[in-house]
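Colleague: I would like to go through this model and hear what lies behind each label. Please show it first.

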Amino acid sequence: VLQGTAAASDKATLIRDQLGDYVLPRLASLDAPLLAVVGGSTGAGKSTLVSSLVRRHVARASAIRPTTRRPLLLHAPTDAAPRELELRACEGLPEGLAIVDAPDVDSVVEDNRDLAATLLAGADLWIFVTTAARYADAVPWEHLRAAAERHITAAIVLDRVPQGAQIEVEADLRRRLAQAHLAEAPVFTIPETALDNDG
């Protein structure tokens, strides 16, 4: 085996997947909405964040794992939507933007993990949701490093941060992001907060 063969093979697979999952589908539908995929670890608050972004209860949050068994794609009522996901028109979204509530990247269900990886590969924007207790977990960082390699724009939502821990936890998270070549990714920190009646 020639030196560098394995690395070249990995690079070829990455390029093939990026072409198939993102570049070619985007070229075929240039007028498709910008796709923001909300992904992250089990129980990080992805569904709660999606409902909060559109200011209405649209995604089920639960203590049962995995909660998100079928990805939910929210789109403006005037935008056409793809057929592969559970689709729901949402007046809380502007035209040209679609949000996917993805399964857990570290789900106990292998199909969910695979689907989460596929959705992230096809994203225009990855909104990575994590918690103060789980931000250093290994599996999500594999996906974050892959996002950096593919030049996927990522934004980080760090939630459930205990009072008094924000500066320390956010600084460590930003250090890890810089090491993963994601120093430019914005970090939105949300303190530990009680949910209202709408979740």
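Modeller: Keep in mind that this is a predicted model. The protein chain has five helices and seven strands, and along the sequence they follow the pattern α-β-α-β-β-β-α-β-α-β-α-β. Of its 199 residues, 44% count as buried.

Colleague: How many residues of helix H2 are buried, and which are they?

Modeller: Seven of the nine residues in H2, which spans 46-54, are buried. They are Lys46, Ser47, Thr48, Leu49, Val50, Ser51 and Val54. The cover over these residues includes strands E1 (34-40), E2 (72-75), E4 (97-101), E5 (125-131) and E6 (153-161). Just after H2, arginine 55 takes a positive phi of about 60°.

Colleague: Why does serine 51 count as buried?

Modeller: Its relative accessibility is 6%, and buried means under 20%. Therefore serine 51 counts as buried. Serine 51 lies in H2. Leaving aside residues up to four places away in sequence, serine 51 touches Arg56, His57, Val58 and Ala59.

Colleague: What makes the pair of tryptophan 126 and phenylalanine 128 edge-to-face?

Modeller: The count comes to one aromatic pair. In that pair, the ring centres of tryptophan 126 and phenylalanine 128 are 5.4 Å apart and the planes stand at 65°. Rings pair if their centres lie within 6.5 Å, and planes over 60 degrees apart count as edge-to-face. The distance therefore makes tryptophan 126 and phenylalanine 128 a pair, and the angle makes the pair edge-to-face.

Colleague: Why is E5 described as largely enclosed?

Modeller: Six of the seven residues of E5 are buried, so the rest of the structure largely encloses this strand. The count for E6 is seven of nine residues, so E6 is likewise described as largely enclosed.

Colleague: How do you know that E5 and E6 pair?

Modeller: Seven bridges join E5 and E6 in the parallel sense. Two strands pair if there are at least two bridges between them, so E5 and E6 qualify. Phenylalanine 128 stands opposite isoleucine 156 in E6. The chain goes from E5 through helix H4 (residues 138-149) to E6, and this β-α-β crossover is right-handed. Threonine 130 has leucine 158 in E6 as its bridge partner.

Colleague: What pairs with E6 over four bridges?

Modeller: Strand E7 (residues 187-191) does, in the parallel sense. Leucine 158 stands opposite threonine 189 in E7. Between E6 and E7 the chain passes through helix H5 (residues 166-179), and this β-α-β crossover is right-handed.

Colleague: How many bridges join E1 to E5?

Modeller: Five bridges join these strands, which run parallel. Pairing needs at least two bridges, so E1 and E5 pair. Leucine 125 in E5 is the bridge partner of alanine 36.

Colleague: What makes the approach of aspartate 124 to leucine 35 a polar contact?

Modeller: A polar atom of the aspartate 124 side chain lies 2.8 Å from the backbone nitrogen of leucine 35. The limit for a polar contact is 3.5 Å between N or O atoms, so the distance between aspartate 124 and leucine 35 falls within the limit. Aspartate 124 sits in the loop between H3 and E5 and, with a relative accessible area of 12%, is buried.

Colleague: Where is serine 107 found, and what does its side chain reach?

Modeller: Serine 107 is in the loop between E4 and helix H3 (110-121). The side chain of serine 107 reaches the backbone nitrogen of valine 109 at 3.0 Å and makes a polar contact with the side chain of asparagine 112 at 3.4 Å. Serine 107 has a relative accessible area of 2%; buried means under 20%, so serine 107 is buried.

Terms used. Residues are numbered from 1 along each chain as its sequence is written. This is a predicted model: local features need pLDDT of at least 70, side-chain atom pairs count only at pLDDT 80 or more; totals for chains, interfaces and linings use all residues. Side-chain values use heavy atoms; hydrogens and water are left out. Buried means under 20% relative accessible area, exposed over 50%, partly exposed in between (1.4 Å probe, protein chains only). Helices (H or I, at least four residues) and strands (E, at least two) are DSSP runs, numbered from the N terminus. Contact means heavy atoms within 4.5 Å. Rings of Phe, Tyr and Trp (its six-membered ring) pair if their centres lie within 6.5 Å; planes under 30 degrees apart count as stacked, over 60 as edge-to-face and the rest as tilted. A polar contact is a pair of N or O atoms within 3.5 Å; within protein, one must be able to donate a hydrogen and the other to accept it, and residues adjacent in sequence count only if both atoms are side-chain atoms. A crossover is right-handed if, with the strands pointing away from the viewer, the path from the first strand over the helix to the second runs clockwise.
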